[in-house]
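Work through the exercises below with the sequence and the model open beside you, and try each task before you read its solution.

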Amino acid sequence: MAHASTFVLTVTSVILTLLTVGNAFFQKKQFYPSVVYITKSSPSMAVMYVQGLVIAYMIFQVIRKLFFGELRAAEYEHLSERTWHAIMETCLAFTVFRDDFSPRFVMQFVFLLFIKLFHWLSEDRVDFMERSPIITVLFHCRMISLLAFLSALDSYFISHAYFTTLIRGASVQIVFGFEYAVLMTVVLHVTIKYILHMHDLRNVHPWENKAVYLLYSELLI
């Protein structure tokens, strides 16, 4: 049912986008006037936003499939619970910089949300190591690649927010910078948990001090 709804939404957004672009070219006849017409038209921009969200969702699904494969029911449930809270909290934080609202801001906000989803999934997947009897080589390759990928993204956007704030002054990039800084701590925590779980799996007998080290990592991070 969910796949059918996604397919219908994708097809509908593509058709609406083609109609919007075709209508703009039909009225203005040239490329640049057509682009200006679309950007000045609220309904046209709404269609473009929807199409952008659909494309972003498709990219998210491809990357999610690459790093996680099929998600478990518990992971879907955790994502749905956390997503709404994250959207509300982030929107409240962004109200301070509501004058900076722009298409670029929307793109950055959606990208931040998707990055948060990958952080949450990585945390759930590492926790699953403790309950899973078999951990494959593919699982380790995916987790190591994912943690490195997320660390690189977080570091880049933190530095981007920092230097943008230095050059242009206070802006919405401050909020983005803090959000990615928090996500960086999540990656660090997940990495520590992954290493501890790996050490526990290599032991023949249960590692009694594992819970203590996990507690220390949560207190420090």
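Two exercises with worked solutions follow, after a short note on conventions.

This is a predicted model, in which local features need pLDDT of at least 70, side-chain atom pairs count only at pLDDT 80 or more, and totals for chains, interfaces and linings use all residues. Residues are numbered from 1 along each chain as its sequence is written, and side-chain values use heavy atoms, with hydrogens and water left out.

**Exercise 1.** Describe the secondary structure and the extent of the chain.

*Solution.* Begin with the elements: the chain has 8 helices and 0 strands, where helices (H or I, at least four residues) and strands (E, at least two) are DSSP runs numbered from the N terminus. Then take the extent, for which the C-alpha atoms fill a box of roughly 75 × 45 × 25 Å along the principal axes.

**Exercise 2.** Characterise the largest pocket by its volume and its lining.

*Solution.* First, the volume is about 970 Å³; a pocket is an open set of points on a 1 Å grid over the protein atoms alone, where a 1.4 Å probe fits, with protein on both sides within 12 Å along at least five of seven lines, and lining residues have an atom within 4 Å of a point. Next, the largest pocket is lined by 26 residues, of which Y57, F60, Q61, F114 and L117 lie nearest its centre. Helix 1, helix 3 (42-68), helix 4 (73-94) and helix 5 (103-129) each give two or more residues to this lining, and helix 3 gives the most, with 7 residues. Finally, the lining divides into 18 nonpolar, 5 polar and 3 charged residues.

Notes
Points joined across faces, edges and corners; volume = space filled by probe spheres on them. Nonpolar A, V, L, I, M, F, W, Y, C, P; charged D, E, K, R; others polar.
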